[in-house]
Amino acid sequence: MQRDVLIVGFGLAGWALTEVLKEQGISFVVIDAQKNSSSRVATGIYNPVVLKRFRAVWYANALMEHSISFYTQPKYKAAFHPMPIHRILASVSEQNDWTVASDKVDLSNYLHPKILYNTNPNVFAPYGLGLVHRTGWIDTNTLLTQSQKELEQQHCFVGEGFDYDALDVSANVLRYKDWKVNQVVFAEGVGVLKNPWFSNLSIIPNKGEWLIVLCKGLGLHTILKSGVFVVPLGDDKYRIGATYAREFENSLPTEDGKTWLLAQFEKLTALPFEVLEHSAGFRPTVPDRRPIIGLHSEHKNIWCVNGLGSRGVLWAPYLATMLVGALKGSQTVMPELSLTRFW
Ligand SMILES: Cc1cc2nc3c(=O)[nH]c(=O)nc-3n(C[C@H](O)[C@H](O)[C@H](O)COP(=O)(O)OP(=O)(O)OC[C@H]3O[C@@H](n4cnc5c(N)ncnc54)[C@H](O)[C@@H]3O)c2cc1C
């Protein structure tokens, strides 16, 4: 069995890569362990603004332009939910900060200059709301589930853990079990920490927990942000997230996480609610907050893409396009994203 590319990992990074490879007629097979996927539990918000400090994320305009036009393709319609974010302003000082920020060149595309009066009687927002436009959320689980089904039908998806010992890297054409491939790309999220070729990358797992609640009468139609994001899922179900923890005992959701999330939600509304779901996952983060793409220093056909951090939705299509260009030899990896920064 022969393919151009073998991809290990089918989170957002691996998924976007399969989409770009398909577009360019390059053959591939994906191997995915189907566990510990950050992408399957992501809230999926795309938002180019750091709403704690009112500043643009690094490379915001390029990411928005590339990635949002990617998701607006009709084939992703079921998973694409464009909607504005309302940032609850906590004080007069934050109102001033918002007005100043909305006038900045890099933010004026996204932040509405006028502070909005809160018209929802069930939401506490005495200092009003800042409106962020061109934002929304992607139902990443639906996206991945649909794509995986198609790949399985085309015999391009193998649901198992990758056996590193079974990869023979000694020849130009790589061999893995019954497969012969020209290139291997590891898109393993935090799983990369066990990878013998790339375990030295500075990937730091950051645990995130979230809840889904039913809160009848809350009536939100936009994403609300204060201490947490509250994403309307329909029928007054809301996803509340997320926590950030660099220290943790295991991958399970915790009582502490739940208590913190509920406390944030209770600051927003006095309505009663019921918790329907509580879950957790690990973001693959990097100390300089930039993803990592690159080629192994010794083996010139083994690549990795990782470090999507808390902005995997925005980064995945952009990185996939750059990586496919690099695999073909027609594009170089931006130095700011290259794994050579860790050598
Ligand atoms: C609670 C939470 C909320 C989040 N919310 C958002 C958000 O709102 N917006 C946003 O943009 N981002 C968000 N993120 C971040 C986002 O989820 C990540 O940036 C992104 O999913 C990382 O994608 P990835 O493909 O690199 O890794 P993953 O999604 O973790 O995928 C890696 C895949 O590789 C597989 N794998 C690993 N090792 C092996 C192996 N040896 N063999 C076979 N398979 C292997 C795993 O099973 C997994 O399926 C959130 C994350 C969390 C945890």
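The model is predicted, and local features need pLDDT of at least 70, side-chain atom pairs count only at pLDDT 80 or more, while totals for chains, interfaces and linings use all residues. I counted residues from 1 along each chain as its sequence is written.

I found Arg289 in the loop between β18 and β19 (292-295), where helices (H or I, at least four residues) and strands (E, at least two) are DSSP runs numbered from the N terminus. The phi of Arg289 is near 60 degrees, a positive value in a residue other than glycine. I then looked up Gln34, in the loop between β2 (28-31) and α2, and noted that its phi is likewise positive, near 60 degrees. Gln34 counts as exposed because it has 12 C-beta neighbours inside 10 Å.

I checked the length of α6 (residues 255-268): its 14 residues should span 20 Å at 1.5 Å a residue, and its end C-alpha atoms are 20 Å apart, so the two agree; the expected span is 1.5 Å times one less than the number of residues. Which residues of α6 are buried? They are Gly257, Leu261, Phe265 and Leu268. These residues lie on the same side of α6 because they cover an arc of only 60 degrees around the axis, the arc being that of the directions from the helix axis to the C-beta atoms. On the other side of α6, I listed the exposed residues as Glu255, Asp256, Thr259, Ala263 and Glu266.

The buried residues of α6 pack against several strands, including β14 (204-214) and β18 (274-285); two residues are in contact if their C-beta atoms, placed from the backbone, lie within 7 Å. In the loop between β17 and α6 I located Ala242, which is joined to Gly241 by a cis peptide bond with omega of about 0 degrees.

After α1 comes Gly25, whose phi is positive, near 70 degrees.

Leu17 is also one of the residues with the most contacts inside the largest nonpolar core, which has 98 residues; such a core is a set of buried Ala, Val, Leu, Ile, Met, Phe, Trp, Tyr and Cys residues joined through C-beta atoms within 7 Å. Helix α7 (residues 312-328) gives the most to this core, with 11 residues. Leaving aside residues up to four places away in sequence, I noted that Leu17 touches Ile7, Val185, Ala187, Ala320 and Leu323.

**Domains and ligand**

I recorded domain 1 (2-42 + 140-200 + 288-342) and domain 2 (81-135 + 204-285), with bounds from an automatic or database domain assignment. Their centres, taken over C-alpha atoms, are separated by 31 Å, and 10 residues of domain 1 are in contact with 8 residues of domain 2.

How many residues surround the ligand? I found 43, the closest being Gly11, Gly189, Gly191, Gly208 and Gly312, where a residue is near a molecule if its C-beta atom, placed from the backbone, lies within 6 Å of it. β18 gives the most to this shell, with 4 residues.

Definitions and conventions:
Buried ≥ 20, exposed ≤ 12 C-beta atoms within 10 Å, placed from the backbone.
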